[in-house]
Each structure stands twice: as C-alpha cells, then as structure tokens.
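Dear colleague,

I am passing on the structure below, together with some notes on what was found in it. Please read the notes with the model open beside you.

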Amino acid sequence: MARILVVDDQHLIRSGIVTLLRTVEGLGPVVEASDGVEAVAAAREHHPDLILMDIKMPRLSGLAAAERILALGLDPAPRIVVLTTFDDDEFVYAALRAGCSGFLLKDMPPQQLLSAVTATLSADLLVAPAQVRRLIERHAVQAQRFRAGTASTSMLTDREVEVLGYVAQGLGNEEIAEHMRVSESTVKTHLHRMMTKLDLHSRAQAVVFAYESGIAQVGGERR
C-alpha cells in the first residue's frame, strides 16, 4: 500500500492527478499539497513512498522542497519525481542532481502517468536511462566546475567506482553483474555502499555525480 504525495500549485492539475491515482486498486492514501512549504510538512507527517511534485511553485520551489525533504532523513527516503514541461531542462537537471528519481511531463496521457507511477514504485529510476544520460550530458560539462571539490571518489573502492561507471552508462544491476562477472546481490552491495559514502539519494543522482566527477565522459564510455 504505497503512500503518495502530489504537490502542485495549480488546483486543476493537482486534483486531476489525485483523482486519477485514487482509482488505482492497491495504492495507499494519496495526500496533496499546494506548494513546497506544504510538501515538506506533509512529507514529515505522512512519510510518503512517492512524491510527484511540480518543479516551479510559489513560496518554495519543487527543487528546494525536494532538498529539504531528502534532508529530513526519512527511512525509507521517498522517491521524488518532478512534474515539468519540455522547456525546463535546467530545472530537471538540478532536481536529478539534488536526488530526485526522475521526471514526468505534465501533459502526458493519464494511462502513461499511472504506468510511470507503478514503475517508479518498483524501480529506482523512472525515466529511461538513455533519456537521463542525454539530459545529463547536455549539462555536465558546465556543471563540473560546481561539483569540483564537493565530493571525492577517493573514498570509493575500485569495484564501487566500476559499478558507478556502469550505472552512468544506463546499465541495470543484472547487466552490471554480467559485465563484472559477479552476482547481482554483490552489485547491489557495491551500489549501496557507494551511494552511502557519497550521500546520494537516487540512481539518477549517481549518474549526475559520475559525469560531474569525470568517471563518465560526455560522448564516451566510463573512465
């Protein structure tokens, strides 16, 4: 019974998504908030498993709200998916960099939205890895100077760096296990330890880090 929080300052969009989600059998309670301030309070109170959040809102943006929610230390941490439009690339990149799990377009058909919600509840990365990689590559070169010095790969083992490189390529855990010739559970262990050491909240955020730290390179494979 997954708990979902829907955050959008536009009442029609918010209520439409909430109404749609409440028709799905097997989902838990669906809570709503009208801005980022309310979202942080609702997350603290209801501990949602998934948050669908508009990226541009008054009082507190979706990006700022996501950062505050992830900083709450909720266990398990909610997966946050930003609701956006085609022209919000920079905001989406910032959201992935902050730890959000993916993004959805506001004008997507209802059935696609429901499928996406189901997918993100069972997987860490909502948007197809190739889409995430293209988005990140468009911004990574400029963003590298902001990441420099904020976190270091020196704390990672060689195996953890290798896993991070494969994650940046868009490989799933099973594929990574095949490349490394280890079990999938071993990959999950390396992945968990790597993300804990780097204080990363989502697989998408790990991809961003890989590019900004130079482990992955634009237009090429991992280092």
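In helix H8, Asn 173, Glu 174, Ile 176, Ala 177 and Met 180 meet Glu 184, Val 187, Lys 188, His 190 and Leu 191 of helix H9, where contact means heavy atoms within 4.5 Å and helices are DSSP runs (H or I) of at least four residues, numbered from the N terminus. The axes of H8 (residues 173-180) and H9 (residues 184-198) are 8 Å apart and form an angle of about 105°, so the two helices are roughly perpendicular to each other, a term that covers angles of 65 to 115 degrees.

This is a predicted model, in which local features need pLDDT of at least 70 and side-chain atom pairs count only at pLDDT 80 or more, while totals for chains, interfaces and linings use all residues. Residues are numbered from 1 along each chain as its sequence is written, and side-chain values use heavy atoms, with hydrogens and water left out.

There are 8 salt bridges, each being a side-chain nitrogen of Lys or Arg within 4 Å of a carboxyl oxygen of Asp or Glu. One of them joins the side chains of Arg 97 and Glu 212 (2.8 Å, N to O); Arg 97 lies in helix H4 and Glu 212 in helix H10, so the pair ties together parts that are 115 residues apart in sequence. Glu 212 counts as buried at 4% relative accessibility, whereas Arg 97, at 26%, counts as partly exposed; buried means under 20% relative accessible area, exposed over 50%, and partly exposed in between (1.4 Å probe, protein chains only).

Best wishes

How values were computed. Axes are lines fitted to C-alpha atoms, for helices over the stretch in contact, and angles run from 0 to 180 degrees between N-to-C directions. Angles under 35 degrees count as roughly parallel, over 145 as roughly antiparallel, 65 to 115 as roughly perpendicular and the rest as oblique.
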